[in-house]
Amino acid sequence: MNTVQQGSFLTLHYRLAGPDGADVVSTFNDQPATLSVGAGQLAPAIESKLIGLEEGTEATFVLAPGEAFGERNAEMLQRVKRSLLAEHGDPEADYHVGDVVEFPTPDGTGRFAGVVRECGDDWLLFDFNHPLAGQAVTFQVRLIGVL
């Protein structure tokens, strides 16, 4: 029986749920996912739960608050001037608390997202923490294939 190791190529169904038990992502009602362990497709703490599991394993893991996506970091809350958003985005955009806004990385090769937490007259407060930072998560897996 094949076991999961660093660099293994996996076919699996998985479910990630937040502390309220609601699905954040689930492949169980769709096509299975394929990924390579160590390629950054899952958080390292989640990947570590897969290491050593045998093909065909079904398991559920509860990760402690902050274990999967780190602790919340107050420095990841940033005020951004509306003029800067208009200059680098859609000047007609209307932002509301809870909106997710994508930004380019400083080198321009990727993107990251922030959630609007507060709206001021000439600024918006964005939270750039992972939405599950500082929270317990449940990871359920069914390993279909391990190469």
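Select His13 to start: this residue lies in strand E1 (residues 9–17). Strands are DSSP runs of at least two residues, numbered from the N terminus. The model is predicted: local features need pLDDT of at least 70, side-chain atom pairs count only at pLDDT 80 or more, and totals for chains, interfaces and linings use all residues. Residues are numbered from 1 along each chain as its sequence is written, and side-chain values use heavy atoms, with hydrogens and water left out.

Stay on His13. Its relative accessible area is 8%, so it counts as buried (under 20%; exposed is over 50%, partly exposed in between; 1.4 Å probe, protein chains only). Show its side chain: it reaches the backbone oxygen of Thr27 at 2.7 Å. Now display the residues that His13 touches (heavy atoms within 4.5 Å), not counting those up to four places away in sequence: Thr27, Phe28, Asp30, Gln31, Pro32, Gln140, Val141, Arg142 and Ile144.

Next, the aromatic rings. The structure holds six aromatic pairs (Phe, Tyr or Trp rings, the six-membered one for Trp, with centres within 6.5 Å; planes under 30 degrees apart are stacked, over 60 edge-to-face, the rest tilted). Select Phe103 and Phe112: they are stacked, 5.8 Å centre to centre, with 25 degrees between the planes. Phe112 is partly exposed at 35%.

With Phe103 it forms an edge-to-face pair, 5.5 Å centre to centre and 70 degrees between the planes. The pair links distant parts of the chain, 25 residues apart: Phe103 is in strand E6 (residues 100–104), Phe128 in the loop between strands E8 (123–127) and E9 (137–146). Both Phe103 and Phe128 are buried.

Conventions. Helices (H or I, at least four residues) and strands (E, at least two) are DSSP runs, numbered from the N terminus. A polar contact is a pair of N or O atoms within 3.5 Å; within protein, one must be able to donate a hydrogen and the other to accept it, and residues adjacent in sequence count only if both atoms are side-chain atoms.
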